[in-house]
Amino acid sequence: MAGLPSHEDTPGTDEFIKGLWRDNPVFVQVLGMCPALAVSNTARNALAMGLATLFVLLMSNVVISSLRRFVPREVRIATYILIIATFVTIVDYVIQAISLDLHRALGAFISLIVVNCLILGRAEAFASKNTVGRSALDALGMGLGFTTALLSLGAVREILGGGTLFGLPLFHDAFQPWVVMILPSGGFFTLAGWLLLFNALAERRERRATLAAEALR
Amino acid sequence: MNGMSASAPPTSAWPMYRALVGIGLLCGLLIVSVFELTRPVIERNQAEALQRAIFQVLPGARSSATFRLVGEDRFEILEGKPDGAPLAYAGYDADRQLVGLALEAHGMGYQDVIRLLYGYSFAEQAVIGIRVLESRETPGLGDKIETDPAFLANFERLDVSLSDDLTRLLHPIEAVKHGTREHPWQVDGITGATISSAAIADILSQSTSWWIPRIRRNLDDFRIAE
């Protein structure tokens, strides 16, 4: 994490793209595993958790980066947690106002966004050292990357484990759901599958880069 | 420690106080404002969810009234906010005739407390519907208590007839293994969700043994709103 570039000469689009793909928080950095595994049993829960995290990440990154000259190093972690917890509480009330069923489905995991290491990680490694604009782009990229990853997990688990996607039936009645995919173990299986794919792609990219470099010599 | 913090001069106390107290104050204001803004909507959502559940467990009901238990044996219409006294929700049909009562019950499931609402019909002397309000049963297995049609069919007419002196149930509700239901007061379990389905039967058994004699003896109290 600390090794990520935070200097001002990288283009703004790079701050946005890196979280979506190259440094995807779930599939590459393997951060925020607790919500990623626990509430990705359906696509709807996964999307809601992803968006809630995106909101908290964006708001806390923006506030922390705009206050970065005002907060002394000695008390920075306490203030970051305070700011993050505030936005998590707000998200909690807003979800209850939008839908009680959704709030029931996400359960304790909304409050646990406070301790999602992805959010404190971005605050400490990025927002505290960069401008508001860059921090917002970084949060948007990382948050959308997290949402996409959760949605990829949730969609696979719901399709195989329930035969539906966003509650819509996909198969003939004869389809026998793989209940294991909705259970916790199914979360690990699905995550393993996606990690395998991401690692295979990264390896292929490296191999191609090496080949191209050799061809140039 | 890295070189940067070694060379930086120590911060005096004032900026630290200022940052922590200032940000704390702002965060506090923000949280309380959002809470106050969303509270009416959340309360309305909760009331609507309860109302929907009441109509689900009392088929045929078109309106409802909330009653509180006063003392040991009298019910009166709840005015204002609930004060902790046990509540019963009476449902009335389109002609304002009493359909039955919706009652809340809770108890331990497999993972955590299960909270449910069930409907009681005076005419049938039976539980005529249930709806799980809150549960954290295992997805795909235990949560079948909310979705399995064969299991929910148990509660379309689950006998809770009273003894002649109206003091106790003739046959308390009991759980039986899947496929072995013989009597109208038995709950046919779910294979693969034995504990969760038996928990529902236990919760209902305890709640009906307590509630049904009381409400049956005071049937006329609920007719006021007709």
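**Overview**

Strand β3 of chain B is largely enclosed by the rest of the structure, because five of its six residues are buried. A residue is buried if 20 or more other C-beta atoms, placed from the backbone, lie within 10 Å of its own, exposed if 12 or fewer do, and partly exposed in between. Strands (E, at least two residues) and helices (H or I, at least four residues) are DSSP runs, numbered from the N terminus.

The model is predicted: local features need pLDDT of at least 70, side-chain atom pairs count only at pLDDT 80 or more, and totals for chains, interfaces and linings use all residues. Residues are numbered from 1 along each chain as its sequence is written, while chains are lettered from A and ligands numbered from 1 in the order in which they are written.

**The sheet of chain B**

- Seven strands of chain B form an open, antiparallel sheet in the order β2-β1-β3-β4-β5-β6-β7; two strands pair if DSSP finds at least two bridges between them.
- At the edges stand β2 (74-77) and β7 of chain B, each with a single partner strand, so one side of each has no neighbour in the sheet.
- Strands β1 (residues 63-70) and β3 (residues 87-92) of chain B pair in the antiparallel sense over six bridges.
- Within this part of the sheet, B:S64 has B:G91 of β3(B) as its bridge partner, and B:T66 stands opposite B:Y89.
- On to the next strand, β3(B) and β4(B) are paired in the antiparallel sense over five bridges, and B:A102 in β4(B) is the bridge partner of B:Y89.

**Helices across the sheet**

- Helix α2 (residues 13-57) of chain B lies across β1, β3, β4 (98-108), β5 and β6 of chain B, and runs at about 150 degrees to β6(B).
- Helix α5(B) lies across β3, β4, β5 and β6 of chain B, at about 135 degrees to β4(B).
- These angles run from 0 to 180 degrees between N-to-C directions, with axes fitted to C-alpha atoms, for helices over the stretch in contact; residues are in contact if their C-beta atoms, placed from the backbone, lie within 7 Å.
- The end C-alpha atoms of α5 (residues 194-217) of chain B are 34 Å apart, which agrees with the 34 Å that its 24 residues should span at 1.5 Å a residue; the expected span is 1.5 Å times one less than the number of residues.
- A kink of about 35 degrees in α5(B) is centred on B:T208.

**Positive phi angles**

- Most residues other than glycine have a negative phi.
- In the loop between β5 (113-121) and β6 (126-134) of chain B, B:Q125, which is not a glycine, has a positive phi of about 50 degrees.
- B:R96 takes a positive phi near 65 degrees in the hairpin of β3(B) and β4(B), which has five residues between the strands.

**Contact between the chains**

- In all, 25 residues of chain A are in contact with 24 residues of chain B.
- On the side of chain A that touches chain B, α4(A) gives the most, with 11 residues.

Methods
The bend at a residue is the angle between axes fitted to the seven residues ending there and the seven starting there. Two residues are in contact if their C-beta atoms, placed from the backbone, lie within 7 Å.
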